Structure formats: structure tokens, C-alpha cells
Amino acid sequence: MQKYSIFSLIKNSFSNHQNWEPAWRDPELKKEYDVVIVGGGGHGLATAYYLAKEHKITNVAILEKGWIGGGNVGRNTTILRSNYMWDANGLFYEYGMKLWENLSQELNYNVMYSPRGVINLAHSDAQLNVFARRGNSMRLNGIDAIMLSKEELITKIPFADFSNSARFPIFGALMQPKGGTARHDAVAWGYARGADNLGVDIIQHCEVTGFDVQNGKIIGVQTSRGNIKTKKIGLCVAGNTSLLASKLNMKLPIESHVLQACVSEPVKPFLDHVVTFGAGHFYCSQSDKGEMVMGGDLDGYNSYAQRGNLPTLQHVLSEGVAMFPNLSRLKMLRTWGGIMDMSMDGSPIIDKTHIEGVYLNCGWCYGGFKATPVSGWTFAYTIAQDHPHELNSKFRLNRFHTGHLIDEKGVGTKTWIG
Amino acid sequence: MLEIKCPYCGKRSQNEFSYGGDAKIKRPELGKEISDKEWDNFVYYRDNPKGKHSELWHHISGCRQWFKVSRDTASHEIFKTAKLDEDL
């Protein structure tokens, strides 16, 4: 692999940057692999990378029906955080934050990790109390958390509406200083390049059409480019998990929903942090290009269409304008949608299944991007060792049967609310 | 924007409605002995097809009636709507 550095940059500038090697190969599909990862998104690529690096399993294929980085890893709002209260989530995502800190060095690819701080605004005394409890739980798990008063907030996000006449006046906030953002495309490309360098075959435009299961064991995968033999497969296909699982006669506690995001025209530096609105569901940050990156609620009905509807966007942006009134003057540049695999308790599933050699990584709801490194790391462990790592030992598929739900905020699909 | 035909009020825009999920779910009969598995299926497991899906909607900012909709989850085409006691 060609190492990226100031020296390689200077060297290639002499040839007008015409001679850079491709970041990853475009290999032919082999007949047999030790492990097949279905889905070339962030989680699939990270899984393959850690399988090769940590577990020395290099005869691995990643099958992607579209192209690398074309799914949710390229459609999110790039927020990283581990501000969870329950141990299962907090410890898992905090391990992820530690991986984020060194990811650029690890991959020799600048993922532009920016620990700019994630601020959750509180709009009542009761909400401040809840945030203080969450912050204390985070600190007990070794996660950085601080409470901010209204006066401190005014210095950090001066453009927010701090007036008492606001519909939801700002009382204070919980902040995770090490939370922030990363460049999502770079994460996909960095992991792809890293995995490819360790011998993983990245097969793009190759759709999985079926599975060969014999005596309760996986023996092969049928694809649009031919059949492959394998003893282990890992599913990392986010919103399409139910469709692939149905080919294995499995029904999952998952619904697929569309989540929209949008960016405004670029403006001068205006917001230094990631900020979430506490009286609804809205979050925003400013990209390095100056665009405001914003998102919020699901559209609210089952969907496999990677596009959303205007009423939800209007609802989400009205929350944004309530928080930062001057957002109303911005023009929108783009909006888009991605398909979320909404689990019924709002927490992910990283586990084995009842079919030997079939492993499941799904249920990421709104929050898959920040988990990319740790999801790949734990899923690779689960596949290689054939049992979950301690970090994902609570994210079992059978928790809906045993009652050990991880209902961090009671989100999930909200099907019981109607 | 979706346009949904409420069986009671006629065609209205999406903002008048809220979603109620999979219409095929049936609560187990009261007093009947059922296994944990059946109970889990009722509480946590839903149809999640790509394509035709039967689902419940609530005309919450209108007549406040619940009804059934047959909709395509990929194209959002609405094939049919029906009252709860009618077949889709």
C-alpha cells in the first residue's frame, strides 16, 4: 500500500498527481472465502478490517450491491458521541470513542475526527435533573461529561435563542467535550483501503440473492455474480436486514424507516459544536465547508425509499429555527434520506443466530455512524471467536425474549405509541 | 407528500394522519394461555417487507378514526384503504 504522507504528496506533485495508486483493488470474486461480509458500508468494511488485523482472517470478501460509501455511511450527519446512561451502551460507545481518537493514524487516512463537543440543551429544571443523572452515570463509566449553565452556554453558542420568551427557553445543557464529528466518506474509504491492503476482497456491484444452508449450517452464498462457498457470513446491511434475513427464514424485531437529513448553503463559522434541541428531535453542526448539517425525526412509517417527505422536514427545521432563529434565513442546499434498521428497543443487535455461521449486525436506529469502529471491532471478534465480546454481550438477539431490553430512551420504532 | 384516502372523510394530505404500524398484528385473546414466544411475537415482531404492506393509520387531525392502508414501502404507492372491519 502506498503510504500517505507529506513526502508522498510532494513526490506525486512532481507528476501532477497522475500516478497515485488506486486506494483499493477491484478483484475477481473467488470461489471460496473463510468469511463473507454482506454489505460494504462502514460497519461491513470495519468488520473486515478488524477480522484481518486483529484475528488474522484475511480470506474475506465484502459483497456490496451498490458501491462503497453509497449507503448510510455516506448519508448520516457524522456525529460521534458516547453520552449514554446504561452501561451496555456507555461502555460500548466509549470504546468506540477511543478507536475514533486514533483512527486517522491507524488507517493512515485522515478521517477528520473533530472533538468539538456535543451539547444537549435542556429546557426545564426537570430535564436538567435528568441530564445531571445521565452525566453522572457517564462519568461513573469513565466518559467525559460536564453540565453547562445558561451563562456558559451563551459564550459557547451565542446565536441560540436565550430569551425567556422562547417557546422552550434554554435552562442549561449536558456536554460531552470529546464528542464531535468525523468525515463520513473518509471513514468508508479509509477502512476500505485498510481492509484491501490486508488482503480482503471488496466486491462492488454484487448483490446477495440467496443463501445455502445445510443441516442448520451456512455453506454458501448465492450472488448476482455467481455462487461462493463459505463457512461464515456476517450481515451488515442496515435497513435491508429484514429482507436478507427473510431469505434465511428469520423474522427480526426490526422495522425499516426513512430518516432525512439536510445541509444549508455554506456560511462563515457560526457554530463550533454539535448541538441538540432538548424539546424535540433536532441536531445540527457546521461542516468544515460551512454548511449547516441538520437532522431529526424519522418520517414515521415503514419505508425502503431512500427519500423522505416534506412535512417531516418542515417539522424538524421548525425545531431548528426555534433553537437558532437565524437559521430561517438560510437556503437549503440538499436533503436526502437513508433507511434505518429500527430495533424495537432502540439499541443494536450484534450476535450469532440459530444458523451456525450466520452472524447479525443490525438495529442501529439513528446512531450507526458513531459506532462504525466499535461495531466492526466487536463484530469481527464475534465472528472470529464464535461468541460475543464482553462489549457487545448485552446486544443479543434473544433479549426481546428474555426481557433484557436496552431501552435507553424508549425510542426504537415507537410502534406501541401509534 | 402522501395523499391518504380516509374511508370516512376522503382524500387528505399526510399531515392529518399518524402511523400505527403493521395491521396484521393481533393481540392474543384475553385469558387464553399462550407461550412466551407468542407473546414476544405480538409485542416485538412486525412484518417489514419491501413492497406491499398492510398497515394502520390514524386520522388524528380529522375524524380520529383508525383504518387500514395497503401501501408500497418502496414506491409509497397507496393501493387501497379500508375500515378496520373490512378486508384490504
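## The enclosed space

Strand β15(A) gives the largest share of the lining of the largest cavity, 4 residues, where strands (E, at least two residues) and helices (H or I, at least four) are DSSP runs numbered from the N terminus. A cavity is a set of points on a 1 Å grid over the protein atoms alone where a 1.4 Å probe fits but cannot get out, and lining residues have an atom within 4 Å of a point. The largest cavity holds about 40 Å³ of space, a volume being the space filled by probe spheres set on grid points joined across faces, edges and corners.

## Basis of the model

This is a predicted model in which local features need pLDDT of at least 70 and side-chain atom pairs count only at pLDDT 80 or more, while totals for chains, interfaces and linings use all residues. Residues are numbered from 1 along each chain as its sequence is written, chains are lettered from A and ligands numbered from 1 in the order in which they are written, and side-chain values use heavy atoms, with hydrogens and water left out.

## Salt bridges

Over all chains, 15 salt bridges are found, each a side-chain nitrogen of Lys or Arg within 4 Å of a carboxyl oxygen of Asp or Glu. One of them joins Glu94(A) to Lys98(A), with the closest N and O atoms 3.6 Å apart; both residues lie in helix α3 of chain A, 4 residues apart. Glu94(A) is buried at 4% relative accessible area, whereas Lys98(A) is partly exposed at 43%, given that buried means under 20%, exposed over 50% and partly exposed in between (1.4 Å probe, protein chains only).

Conventions: 1 Å grid on protein atoms, 1.4 Å probe; cavity = no way out; pocket = protein on both sides within 12 Å on 5 of 7 lines; lining within 4 Å.
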